[in-house]
Amino acid sequence: DHNKLALPVGTTLDRFIMRKQEDFPYATGELSQLLRDIALAAKIVNREINRSGLIDIAGAYGSQNVQGEDQQKLDVIANIRFIRALRNGGEVCTIISEEDDDMIQTGNNQGKYVVAIDPLDGSSNIDVNVSIGTIFSIYRRVSPTGREGTSADCLQPGTHQVAAGYVIYGSSTMLVYTTGNGVNGFTYEPSLGEFFLSHPDIQTPATGAIYSINEGASESFSPGVAAFVKHCKDSSFSARYIGSLVADFHRNLLKGGIYIYPATAKNKQGKLRLMYECNPLAFIVEQAGGRSSDGYRRTLEIEPTQCHERCPVFIGSKELVEQAEAFIAQEA
Ligand code: AHM
Ligand code: MG
């Protein structure tokens, strides 16, 4: 059965998506089209990012996004590009974006899918030539087609994701995604304008020796988090923290490790957003054999109540996340 054969390194993303669709005889191809739309927007955003040091498009835009943080001009551009690609693609009825207060209705009321997106994460790293990323999550709508998507369509738990992925704009640009059947990574070849399969069936190591947390906030870590961080140091782990979630996550996914954004004095619910950041990466890490938790429960099982809600996150190698949870369970 050719469908069960792994596709070789070097397969183009388009071909990969097409062949995977053949594994589902009744698939209509809409999800495949949606993934291609995201890949196209990623290429456009990649081009903008590569130019950003050359022309004066980076830097404060003068507006703030809904979380009250400075919005950089490139965030706005990335947001516009992804929304436009999803609107033109026609498969998506509604989008929620970290950059927009409210749901975005695309006008495609027949669209069966809802997308949650952080169009450009790690925005404080744009101006300093450090890796940044896009994170996306795809859900099937629950409301009937033929009208606009609803908040119930947008506020589904992470277990309902049908696909999730990220783009890392790093020393190479990569697209990594899952449709619930393993995780595959594609590297962009800019002169050809194509993503090629470079990291088939990614499995994250069961444990690791990297911990990634902003220790500048250590004074306000809970006793359990502080004890776990001390454990990492006692075990002579390496501390690695880029401050771009996608880049920190991607490194730990490949090498083994744990990324933590706990509750702190400044960010009482943690900083990262459940819908745009935690859930998509949780889906990917689980598909790669890892774990993601808010310290007590599986990230994917959290029932969202608001599009922009935040939650603490402990994500990465299974054993390390379980150890962190054990330290937290002991703190009571
Ligand atoms: P952003 O969505 O405004 O870009 O913020 C998210 C970023 C993540 O990429 C990163 O992991 C985190 O914020 C770093 O936060 P801190 O500077 O508090 O350590
Ligand atoms: Mg973000």
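In helix α8, the residues Lys-318, Leu-320, Val-321, Ala-324 and Ile-328 are buried, where buried means that 20 or more other C-beta atoms, placed from the backbone, lie within 10 Å of a residue's own, exposed means 12 or fewer, and partly exposed lies in between. The model is predicted, and local features need pLDDT of at least 70, side-chain atom pairs count only at pLDDT 80 or more, while totals for chains, interfaces and linings use all residues. Residues are numbered from 1 along each chain as its sequence is written, and chains are lettered from A and ligands numbered from 1 in the order in which they are written. Helices (H or I, at least four residues) and strands (E, at least two) are DSSP runs numbered from the N terminus.

**Helix α8**
- Helix α8 has 13 residues and reaches 19 Å from its first C-alpha to its last, close to the 18 Å expected at 1.5 Å a residue, the expected span being 1.5 Å times one less than the number of residues.
- The cover over the buried residues of α8 includes α5, β13, β14 (291-293) and β15, with contact taken as C-beta atoms, placed from the backbone, within 7 Å.

**Helix α5**
- Helix α5 (residues 223-234) has 12 residues and reaches 16 Å between its first and last C-alpha, close to the 16 Å expected at 1.5 Å a residue.
- Its buried residues are Val-225, Phe-228, Val-229 and Cys-232.
- Because these residues cover an arc of only 100° around the axis, they lie on the same side of α5, the arc being that of the directions from the helix axis to the C-beta atoms.
- On the face of α5 turned away from that buried side are the exposed residues Pro-223, Lys-233 and Asp-234.
- β11 and α8 (318-330) are among the elements that cover the buried residues of α5.
- Ser-236, which follows α5, has a positive phi, near 55°.

**Strand β13 and its partners**
- Strand β13 (residues 258-261) is covered on both faces, with Ile-258 and Ile-260 buried on one side and Tyr-259 and Tyr-261 buried on the other.
- Strand β11 (residues 210-212) pairs with β13 in the parallel sense over 2 bridges, pairing requiring at least two DSSP bridges between two strands, and Tyr-211 stands opposite Ile-258 in β13.
- β13 also pairs with strand β15 (residues 313-316), in the antiparallel sense over 4 bridges, and there Gly-316 is the bridge partner of Ile-258.

**Annotated span**
- UniProt lists residues 205-327, in an unreviewed entry, as "domain: Fructose-1-6-bisphosphatase class 1 C-terminal"; its positions are given in the numbering used here, feature names are shortened, and annotations may be inferred rather than shown by experiment.
- The end C-alpha atoms of residues 205-327 lie 21 Å apart, and the span is 38% helix and 13% strand.

Conventions: Contact = placed C-beta atoms within 7 Å.
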